[in-house]
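Subject: Structure handover and findings

Hello,

Please find the structure below, sequence included. My notes on it follow.

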Amino acid sequence: MTVVVEAGDLDLGRFLRPGDRIVIGQACGEPTTLVEALIAQGREIGGLSAFIATSFSGLFTPEATESFTLSSMGAIGSLRALTKAHRLSVVPVHVSQVGPMIEAGIIGCDVAFVQVSPADADGNHSFGLIGDYVRAAVAKARVVVAEVNEAVPYTHGELLPGAMIDCAVRVARSPVEVPPARIGPTDERIAGHAAAYIEDGSVIQTGVGAVPDAILRLLHDRRDLGVHSGMLGDGLVDLVEAGVVTNARKPVDRGVSINGALIGTKRLYEFADRNPDIRMCATSYTHDAAVLARLDKLVTVNSALEVDLTGQVNAEQSGDSYVGGTGGSVDFVRAGSRSPGGHAIIALPATAKGGTISRITVGLSGPVTTARADVDVIVTEFGAAELKGQNVAERTRRLIAVAHPDFQEELERAAHTIRQRGF
């Protein structure tokens, strides 16, 4: 039987045991009331640990996590502050594998904390703003604690039957919002080069941020674009309302935008509410290689911290600072690169730290997130370097051409050795 409580009456000690492992819904689907209760009550229960993929709420601070341990797939959003304080354990994992690892018990899940919409006429709750791994967590958990939020949209896709909820916490509070990023001149130049690869009828995957938003703004003259993505922001609304995104030419899921997480503002959430043209799916579908292989003209756009002269991509760590994550980039890079008529774009500014560091580098300062054998197109504000099928020597030439001119001479000297040996 489901126990229904108001937020102020929630006693986690009724449902959690010492040492429990908690999996928390991520991004704008983060159940903030439950997280606040965990922060306030976790020490009394003792030995708790939690996993969350990303967080934008700002609730997870070094001080707040002193009563439990926290792990994640990366330092995305407000989790970055935890890595600086050495309060976050990073699990290198592709987004597509988070759900399967929960199912297999590799990522422990005794308790699932999720945010859902109010129930429909059949007693089913929508997961609202996320699909990704929450359904896997609910299926694995001994206890399901659901934040039933009146402000969460009811979206089509993943549903949670009310009978599967052990504790329903009723709230009416605005979900986490992520406002559109400020777009600068460099972002616009990067977007101009990237958008050239998106044709009429293309199926697009993007993240959120200044460059993805800038790219979407350049697509208003396209026709019949499709969407199959791990996350979507407010830019989707503009393209749908302009008649650009129709999903009319997709060979699968025709007429429907497939998505794993809505990361944006109230405008996006209201647009998605009971909208049959948007389907929220688990990563077992959004990032599945077999599903993605059915999409022709798939163009994927992902970011990176740096790229070395042979095409290796680091999207996680800058020196001693962990600032990114594995995410879903590799899943989509491989899919876009192999899609007939498609492309996989890695977009990044040519420099960092006020132009003092080149992001096209001789050697990476962090791990290899995406192998050079998977890389297709690298885009900076100086152009696009098409690397797929090119030998190592030619890759150095093309990457130096899109590096900032201030660093090209230095890179040329390093590339000479690479070209001499041929690898």
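I start with the lining of the largest cavity: its residues divide into six nonpolar, four polar and no charged. Here Ala, Val, Leu, Ile, Met, Phe, Trp, Tyr, Cys and Pro count as nonpolar, Asp, Glu, Lys and Arg as charged, and the others, Gly among them, as polar.

Before going on, note that this is a predicted model: local features need pLDDT of at least 70, side-chain atom pairs count only at pLDDT 80 or more, and totals for chains, interfaces and linings use all residues. Residues are numbered from 1 along each chain as its sequence is written, and side-chain values use heavy atoms, with hydrogens and water left out.

Cavity and pocket

The residues lining the largest cavity are Ile204, Gln205, Thr206, Leu216, Val227, Ser229, Leu232, Gly233, Leu236 and Leu239. Strand S12 (203–205) and helix H7 (235–241) are the elements that give two or more residues to this lining. Helices (H or I, at least four residues) and strands (E, at least two) are DSSP runs, numbered from the N terminus. The largest cavity holds about 60 Å³ of space, and the count comes to one cavity of 30 Å³ or more.

On a 1 Å grid over the protein atoms alone, a cavity is a set of points where a 1.4 Å probe fits but cannot get out; a pocket is an open set with protein on both sides within 12 Å along at least five of seven lines, and lining residues have an atom within 4 Å of a point. Grid points are joined across faces, edges and corners, and a volume is the space filled by probe spheres set on the points.

The second largest pocket has about 290 Å³ of space. It is lined by 15 residues, and Ser318, Ala352, Lys353, Ile357 and Ser365 lie nearest its centre. This lining divides into four nonpolar, eight polar and three charged residues.

Most residues other than glycine have a negative phi. Lys353 is found in the loop between strand S22 (351–352) and S23, and it is exposed, with a relative accessible area of 65%. Buried means under 20% relative accessible area, exposed over 50%, and partly exposed in between (1.4 Å probe, protein chains only).

Ala27 also has a positive phi, of about 55 degrees, although it is not a glycine. Ala27 lies in the loop between strand S2 (21–24) and helix H1 (32–45) and counts as buried, at 1% relative accessibility.

Rings

A search of the whole structure finds two aromatic pairs. The ring centres of Phe51 and Tyr133 are 6.0 Å apart and the planes are at 65 degrees, so this pair is edge-to-face. Rings of Phe, Tyr and Trp (its six-membered ring) pair if their centres lie within 6.5 Å; planes under 30 degrees apart count as stacked, over 60 as edge-to-face and the rest as tilted. The pair links distant parts of the chain, 82 residues apart: Phe51 is in strand S3 (residues 49–51), and Tyr133 is in the loop between strand S7 (124–126) and helix H4 (134–140). Phe51 and Tyr133 are buried.

The rings of Phe60 and Phe68 have centres 6.5 Å apart and planes at 80 degrees, so they too are edge-to-face. Phe60 and Phe68 are both buried.

Charges over rings come next. The charged end of Arg274 sits over the ring of Tyr154, 4.5 Å from its centre, and that of Arg421 sits over the ring of Phe423, 5.6 Å from its centre. The rule is NZ of Lys or CZ of Arg within 6 Å of the ring centre and within 35 degrees of the ring normal.

Strands

Six strands form an open sheet of mixed pairing, in the order S13-S12-S16-S21-S25-S26. Strand S13 (226–227) and strand S26 (383–386) are the edge strands, each pairing on one side only. Two strands pair if DSSP finds at least two bridges between them. Strand S16 (residues 298–303) and strand S21 (residues 343–347) pair in the parallel sense over five bridges, with Ser303 opposite Ala347.

Elsewhere, S11 pairs in the parallel sense with strand S1 (residues 3–6) over four bridges and with strand S8 (residues 143–149) over five bridges. Four of the five residues of S11 are buried.

Regards
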